[in-house]
Amino acid sequence: METVGSSSRKPYLVVILIQTIYAAMFLLSKAAFNGGMNTFVFVFYRQAAATLFLVPLAIFFEWKTAPPLSFMTFCKIFLLSFFGITLSLDIYGVALVYTSATLAAAITNSLPVITFFLALLLRVEVLKPRTTSGLAKLVGILFCTAGAVTLAIYKGPHFSLLGNHNLFHHHNIQEHEGHVPSGKTWIKGCFLMLMSNTFWGLWLVFQARVMKSYPSKLLFTTLQCFLSSIQTFVIAIAVERNPYEWKLGWNLKLVAVAYCGIVVTGITYHLQAWVIEKKDPVFLAMSTPLALIITLFASAILLGEIISLGSILGGLLLVGGLYSVLWAKSREQSKVDESCSGAEVLKDSSQLKETKEDFVSVV
């Protein structure tokens, strides 16, 4: 029999698992790229694996209850897949080659802030700087900007846990000199990583609107994966024509593709939905820094990456910005809930008063 204590601990254990899965995604992707795998080919295989995994599930669970798909909705989903998945993942792959797994995990913390800023520009969100929550959002945006700038232009002293030993025994062009990319390459990678997260943020903002016309979540996700598979294939075949680069053997490249396609896209999707149902989206977002901590140490041990003081300071600023915006959103939501509950109490009291008056008139 399941106890109350074990049931209450489950969401905490699941978010740790989710962030560990994401940390492993950063590490495996970086290891595959260090091993010479083309980033565009990798993204295509990843999306193809996700599609093959999700199609049977979507047909079994939602095919009979799915609403009709209009041509206009299909076009919206196609564009959503292109900008939010295809471009985001392709740019992310190139950025990861130029930078490190730690930077990828660090900048992921800026996603809620980037999403809020984009929603603000698109007038989906409102910023009231004179309120406490509005000021916290503004501080979060400033912290996020400062963190991104720190990651891009400041490195400072370097720290190495295992003397630059790489357990995967891969070296790429960027990492021959002590596993530290050059300044221009690093700045370019930071810019591309932020661009990738910006496309991802746009995907999050517009996805809610598109899902109103097609609410079948699993089919919606599967269709996006299928369309992005076609889109990434066209890009990959245009960039890489060498058949040798498309070969997958029983090696780390295959593991990375299968893991990112099946575990990250398939399993993590349901785990996140479960956590949001049991807790809330803020609880899930607040666990994001765990992936940074795990990646920070694992990349140094497994990939031989050197940790710089700039990466640590930039990551801390991004985490500070994340929590500032999440705190503001949580405060606003609590006020909305209080006002709704207050309105319900007033409504109930007025109904009770009317019933009492009717009773008195009858007597």
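**Note on the aromatic cluster and helix packing**

1. Phe44, Tyr45, Phe233 and Trp246 come together as one aromatic cluster. The model is a predicted one, in which local features need pLDDT of at least 70 and side-chain atom pairs count only at pLDDT 80 or more, while totals for chains, interfaces and linings use all residues. Residues are numbered from 1 along each chain as its sequence is written, and side-chain values use heavy atoms, with hydrogens and water left out.

2. As to the overall make-up, the protein has 12 helices and two strands, where helices (H or I, at least four residues) and strands (E, at least two) are DSSP runs numbered from the N terminus. Read from the N terminus, the order of elements is α-α-α-α-α-α-β-α-α-α-α-α-β-α. Of the 363 residues, 45% count as buried, a term that stands for under 20% relative accessible area, with exposed meaning over 50% and partly exposed in between (1.4 Å probe, protein chains only). Among contacts (heavy atoms within 4.5 Å) with a separation of 6 or more, 89% are between residues 24 or more positions apart.

3. A pair of aromatic rings is described by the distance of the centres and the angle of the planes. Here the rings of Phe, Tyr and Trp (its six-membered ring) pair if their centres lie within 6.5 Å, and planes under 30 degrees apart count as stacked, over 60 as edge-to-face and the rest as tilted. By this rule there are nine aromatic pairs. In one of them, Phe44 and Phe233, the ring centres are 5.2 Å apart and the planes stand at 55 degrees, so the pair is tilted. Since Phe44 belongs to helix 2 (residues 39–62) and Phe233 to helix 8 (residues 217–239), this pair ties together parts that are 189 residues apart in sequence. Phe44 counts as buried at 16% relative accessibility, whereas Phe233, at 37%, counts as partly exposed.

4. The pair of Tyr45 and Trp246 has ring centres 6.1 Å apart and planes at 75 degrees, and is therefore edge-to-face. Tyr45 lies in helix 2 and Trp246 in the loop between helix 8 and helix 9 (252–278), so that parts 201 residues apart in sequence are tied together by the pair. Tyr45 is buried, at 19% relative accessibility, and Trp246 is buried as well, with a relative accessible area of 14%.

5. Two further residues of helix 2 deserve a comment. Val41, which lies in helix 2, is buried with a relative accessible area of 0%, and, not counting residues up to four places away in sequence, touches Ala236, Glu240, Glu245 and Trp246. The C-alpha atoms of Val41 and Val257 are separated by 9.9 Å, although these residues are 216 residues apart along the chain. Val55, also found in helix 2, is partly exposed, with a relative accessible area of 33%; the C-alpha atoms of Val55 and Leu223, 168 residues apart along the chain, are 8.6 Å from each other.

6. Helix 4 (residues 101–108) packs with helix 7 (residues 183–213) at an angle of about 40 degrees, the axes being 10 Å apart. Axes are lines fitted to C-alpha atoms, for helices over the stretch in contact, and angles run from 0 to 180 degrees between N-to-C directions. This makes helix 4 oblique to helix 7, given that angles under 35 degrees count as roughly parallel, over 145 as roughly antiparallel, 65 to 115 as roughly perpendicular and the rest as oblique. On the helix 4 side the contact involves Leu103, Ala104, Ile107 and Thr108, which meet Trp186, Cys190, Met193, Leu194 and Asn197 in helix 7. By class, the contact of helix 4 with helix 7 has seven nonpolar, two polar and no charged residues, where Ala, Val, Leu, Ile, Met, Phe, Trp, Tyr, Cys and Pro count as nonpolar, Asp, Glu, Lys and Arg as charged, and the others, Gly among them, as polar.

7. The axes of helix 5 (residues 111–121) and helix 6 (residues 132–153) come within 10 Å and cross at roughly 120 degrees, and the two helices are therefore oblique to each other. Val113, Phe116 and Phe117 of helix 5 make the contact with Lys137, Gly140, Ile141 and Cys144 of helix 6.
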